[in-house]
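Trainee: I would like to learn how to read a structure that I have never looked at before. Could we go through it together, one feature at a time?

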Amino acid sequence: MDRPVQATDPSSTERPSLRELATDPLITRDYEARPALVYESLRARHGAVAPVDLLGVPVWLALGYAEVLEVMQNRDRVWSKRLDAWRDYAEGRVPRDWPLLPALEVDHVVFQEGRRLEELRGAYHAALRPFQDPASPQARELRAATARYADELIDVMTEGGGGSGFADLSAQYARPLPLMVVDRLLGFANGAGDEVLMDMWRVLDAGPDSGPALERLLAALAELAAAKMARPGDDFPSRMLAARPEFTVDELSRELMMLVGVAGDFPGVLINNTVVEVVNGGAGVRDSLSAGLIRETVNRVAMASPPMANLTMRCPSTDVRLGGRLIRAGEPVMLSVAAAHADPAFTGGAGLDRADRVYQTRAHLAWGAGPHHCLGVELATMIVETAIDRLFARFGALSLTLPPDQLPWRSSPLMRGLRSLPVRYELAPRPAQPAPPPAPQPVFEPEPDAPRPEQPRSALWRFLRGLRRGAH
């Protein structure tokens, strides 16, 4: 399915550039409601690669599975994610108020190439390894903590409901849970990351208070980076420093911001999308969870509804052909994972919701491929699997309060996630617990610096309880 990059012919200079082509707007009311129809319309008119208007800026949108995979794998090393490889940006033609620009100008691992990319990915691999290896004590502790956080969120969501009620699973469960895990990974002292966690949420919401929240978040992450340099612990920042001691405070804080953005948002979107899949799929899909097929269910959802529908742009260093199109050096190509997964050349003509589809769910591109393949796949998958496992263990019945085609989606050219997930729930009977044995009396007083039990997250809990009260 992969095709090598083809050299251009001598007449290529006579062909129009991207800026000279008529472009179709990508972000429309139709896109927000049914993006699959927009992708298919673009595919019908333009083929595997289409010129589109992305919030006022022209870009190429790769729609074909083979084309998206070809650029991701970058075997000829002509595709760059560096922002300065984008000719219009380098020459000042991208408006400074373009909504996506702040996210693209953060100089962290996602936008690196070559040796710098290899060095940073090496540090990430070393820092994440103990938290992703199922055999390591850190990974076992993190999974147990994730399950505990999930149960705590369900307790807050359902308190005072008498065993049944209504909730917004997005705001009250799917979104806060990954952020709580990230907060733990960052290694804040007990309670110190409470307000930081809330600012993570405000930034990811991209609301009117996201600007001040981002400033506070970056300042807090820089302070955390400096603290870990002075006194490392068993956490992600400390392990990044151990793998790459030459990190500056500014460099490390940018990488921590990347972890917050990716690990804090992507799993939450996938949790929501998986809940919708399970609830709409009836008893058979839910039974598959009990049969231990949670990972396969999550893979199927990542295929049918990838959280990051479109990836940030790549630019070629020379004129190339992609999907029959001439892409000039420095022109941006955005990769549509969602469109690629629906490409008839990939699905064999079977729809994403057809039981006779011929592809394997593990061939999906939701985690990327090639040099920029996601390093945190196991971490994100663990969060989603644990969230789904605890949710359907705790709820005996769960149903949407809106028809699936009326669920509100976030307006984003990159992420495809729900703004809210309103449900009606009934708690399952909780099994009787044996009385715990009496606690032994301590024979010594702990040292002042000894680890303390985790304390309640007051700011987050106040916020979530406020949502609970508002639902009545």
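Mentor: Let us start with a contact: L224, A225, K228 and M229 in α11 meet P237, S238 and L241 in α12. By class, this contact of α11 with α12 has 5 nonpolar, 1 polar and 1 charged residues. Please keep in mind throughout that this is a predicted model.

Trainee: How are two packed helices described, and at what angle do α11 and α12 pack?

Mentor: Two packed helices are described by the angle between their axes and the distance between the axes. Here helix α11, residues 210-230, packs against helix α12, residues 236-243, at an angle of about 60°, and their axes are 9 Å apart. That angle makes α11 oblique to α12, and α11 passes α12 in a right-handed crossing.

Trainee: How close do the axes of α6 and α7 come, and which residues make their contact?

Mentor: The axes of helix α6, residues 114-132, and helix α7, residues 137-158, come within 5 Å and cross at roughly 65°. P130, F131 and Q132 of α6 make the contact with Q138, A139 and L142 of α7. The residues of this contact of α6 with α7 comprise 4 nonpolar, 2 polar and no charged.

Trainee: How many of the residues of α9 are buried?

Mentor: In α9, 10 of the 11 residues are buried, so this helix is largely enclosed by the rest of the structure. The buried residues of α9 are P176, L177, P178, L179, M180, V181, V182, D183, L185 and L186. Just after α9, G187 takes a positive phi of about 80°.

Trainee: How many of the residues of α3 are buried, and which residue just after α3 takes a positive phi?

Mentor: For α3 the count is 9 of the 9 residues, so α3 is largely enclosed by the rest of the structure. The buried residues in α3 are Y65, A66, E67, V68, L69, E70, V71, M72 and Q73. Just after α3, N74 takes a positive phi of about 50°.

Trainee: Where are L55 and R77 found, and what are their phi values?

Mentor: L55 is found in the loop between β2 (49-54) and β3 (57-62), and its phi is positive, about 55°, although L55 is not a glycine. With a relative accessible area of 35%, L55 is partly exposed. R77 is found in the loop between α3 (65-73) and β4 (79-80), and R77 likewise has a positive phi of about 55° although it is not a glycine. Since exposed means over 50% relative accessible area, R77 counts as exposed at 73% relative accessibility.

Trainee: To finish with the chain as a whole, how many helices and strands are there, and what percentage of the residues count as buried?

Mentor: The secondary structure of the chain comes to 18 helices and 11 strands, and of its 472 residues 51% count as buried. The chain exposes about 21900 Å², of which carbon and sulfur atoms supply 54%. Among the contacts in the chain with a separation of 6 or more, residues 24 or more positions apart account for 73%.

How values were computed:
Residues are numbered from 1 along each chain as its sequence is written. This is a predicted model: local features need pLDDT of at least 70, side-chain atom pairs count only at pLDDT 80 or more; totals for chains, interfaces and linings use all residues. Side-chain values use heavy atoms; hydrogens and water are left out. Axes are lines fitted to C-alpha atoms, for helices over the stretch in contact, and angles run from 0 to 180 degrees between N-to-C directions. Helices (H or I, at least four residues) and strands (E, at least two) are DSSP runs, numbered from the N terminus. Angles under 35 degrees count as roughly parallel, over 145 as roughly antiparallel, 65 to 115 as roughly perpendicular and the rest as oblique. A crossing is left-handed if the near helix is turned anticlockwise from the far one by less than a right angle, and right-handed if clockwise. Contact means heavy atoms within 4.5 Å. Ala, Val, Leu, Ile, Met, Phe, Trp, Tyr, Cys and Pro count as nonpolar, Asp, Glu, Lys and Arg as charged, and the others, Gly among them, as polar. Buried means under 20% relative accessible area, exposed over 50%, partly exposed in between (1.4 Å probe, protein chains only). Accessible areas come from the Shrake-Rupley method with a 1.4 Å probe; for residues, only the protein chains shown count as cover.
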